[in-house]
Amino acid sequence: MVMLVEKTIIVEGSSDRKRVAEIVKEPVDIICTNGTIGVSRLDELVDELFGRDVYILVDADASGEKLRRQFKRELPEARHLYIDRRYKEVAAAPHYYLASVLMSADIDVHGEFLQKEGSQ
């Protein structure tokens, strides 16, 4: 049986990808841009992602915003997820915070990440 993955989350770095993968419970593709993305790779991505639910989750800094603007132009149907500026990076955001951001976008997350670290 082939599992069809319909959701894709685009992040900047491999540490972001690892952090998101720990939290997400459902099968999703997590694509890492490595901070920047060239025009030809972006065109390939747009073709690859046609008809899928795409989520953009990038850092709350200048390079993240630049990448977000690029995706807004080239992939306008993508849903943008934002982290609070106090965390700056997706990889630095607490698990419970990222889990709530992802869950608010109807992405299934592991329940244990919905509790604040250190609380019962």
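Good morning. The protein chain exposes about 7,000 Å², and carbon and sulfur atoms supply 50% of that area. Please keep in mind that this is a predicted model.

Let me turn to the fold. The protein chain contains four helices and four strands. Read from the N terminus, the elements follow the order β-α-β-α-β-α-β-α. The radius of gyration is 14 Å, close to the 14 Å that the globule rule gives for 120 residues, so the protein chain is as compact as a globular protein of that length. Along the principal axes, the C-alpha atoms fill a box of roughly 45 × 40 × 20 Å.

Of the 120 residues, 44% count as buried. Among contacts with a separation of 6 or more, 57% are accounted for by residues 24 or more positions apart.

As to charge, the protein chain carries 17 positive and 22 negative side chains. The centres of these two sets lie 5 Å apart.

Finally, I would draw attention to the backbone at two residues. Lys 88 is not a glycine, yet its phi is positive, near 60°. Where does Lys 88 sit? Its place is in the loop between β4 (79-81) and α4 (95-104). With a relative accessible area of 53%, Lys 88 is exposed.

The second residue is Asp 106, also not a glycine, with a positive phi of about 65°. Asp 106 is found in the segment after α4. Is Asp 106 buried or exposed? Its relative accessible area is 59%, and since exposed means over 50%, Asp 106 counts as exposed.

Thank you for your attention.

Note on methods
Residues are numbered from 1 along each chain as its sequence is written. This is a predicted model: local features need pLDDT of at least 70, side-chain atom pairs count only at pLDDT 80 or more; totals for chains, interfaces and linings use all residues. Side-chain values use heavy atoms; hydrogens and water are left out. The radius of gyration is taken over C-alpha atoms; the globule rule is 2.2 Å times the number of residues to the power 0.38. Buried means under 20% relative accessible area, exposed over 50%, partly exposed in between (1.4 Å probe, protein chains only). Contact means heavy atoms within 4.5 Å. Accessible areas come from the Shrake-Rupley method with a 1.4 Å probe; for residues, only the protein chains shown count as cover. Lys and Arg count as positive and Asp and Glu as negative; His and the chain ends are not counted. The place of a charge is taken as NZ of Lys, CZ of Arg, CG of Asp or CD of Glu.
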